[in-house]
Amino acid sequence: MTGMVLITGAAQRVGLHCALGLQQAGYQVIATYRQPKAGVEQLRQAGVICLALDIEPNSDLALQVAEIAAAVRNLCQQYELPLRAVIHNASSWAGEAESDSDLLTQLRADAAVFDEMFRIHTKLPYLLSRALAPLLTAAQGQLADIIAISDFAVNTGSCNHMAYAASKAALENLVLSLARQLAPQVKVNAIAPALLMFNDDDSAEYRAFTLKKSLMEIEPGPAEVLQSILYLLQSRYITGRVLALDGGRHLKLP
């Protein structure tokens, strides 16, 4: 084992793939999850340590983060391994509801979506990074990493997911601040994918339309994110940057 890696939101899809891949690459992975899905048992069977993290609005997020930080510290001592990286992957794709005839009802719904997006994508990474910074900087002479999973939508905005895009933009700004604060012991970067994986219930029409948005016109899958994480972990020099995984979408003409 070359160190402990904490990854949030690892019970499904991209997070699950990355947690399993990092464990296989020689890291002792600690994965957080919101609900005990089938992926959690898959992680445990692979040797990944799984910790529940309730980030719902009615939970005390500061208390949850304090408990996670204490657990990570104890695991580092138990395994005699440094905390090598924190990967902020936990995410939610909630969008704005259609306009309601009652303005107050609409505003309350919008406020709930806004709070949820910033709680998951900005507040949680902020608190976790602050809580775990002493563990990341503890190993003298060894680099550590914080890696945040952002989104291509930061560059374009989104008509139907405005709060989501704004919260990811805030996350990228947080990356800049943390990179400045924690250098040179900790490198802090973001990965910003566009399309990675379709959902099983996505229609053929939607898939064809979405694929045409990029120059590469493929569904790359979660391996692109895993390889990007491994690349950043192996680098000794990249910090304060956003690594784009968009298939050339930024060059596609409207």
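Is F198 buried or exposed in this predicted model? F198 counts as buried, its relative accessibility being 8%.

**View 1. The edge-to-face pair of F198 and Y206.** The ring centres of F198 and Y206 lie 6.1 Å apart and their planes stand at 80°, so this pair is classed as edge-to-face. The two partners can be set side by side by their accessibility: F198 is buried at 8%, whereas Y206 is partly exposed at 42%.

**View 2. The stacked pair of F114 and F118.** A search of the whole structure finds three aromatic pairs, and one of these is formed by F114 and F118, whose rings are stacked with 4.4 Å from centre to centre and 25° between the planes. Both residues belong to helix α4, which spans residues 103-136, and because they are four residues apart in this helix, about one helical turn separates them. F114 is partly exposed, with a relative accessible area of 41%.

**View 3. The largest nonpolar core.** This core has 37 residues, and those with the most contacts inside it are V72, L83 and L132. At least two of its residues come from each of several helices and strands, among them β1 (4-7), α3 (61-79), β4 (83-88), α4 and β6 (186-193). When neighbours within four places in sequence are left aside, V72 is in contact with L6, I30, L83, L132 and L135.

View 4. In soluble globular proteins, nonpolar side chains tend to be buried together.

Conventions. Residues numbered from 1 in each chain as written. Predicted model: local features only at pLDDT ≥ 70, side-chain atom pairs only at ≥ 80, totals over all residues. Heavy atoms only, no water. Phe/Tyr/Trp six-rings, centres within 6.5 Å; stacked < 30°, edge-to-face > 60°. Buried < 20%, exposed > 50% of the residue type's maximum accessible area, 1.4 Å probe, protein only. Core = buried A, V, L, I, M, F, W, Y, C linked by side-chain atoms within 4.5 Å. Contact = heavy atoms within 4.5 Å.
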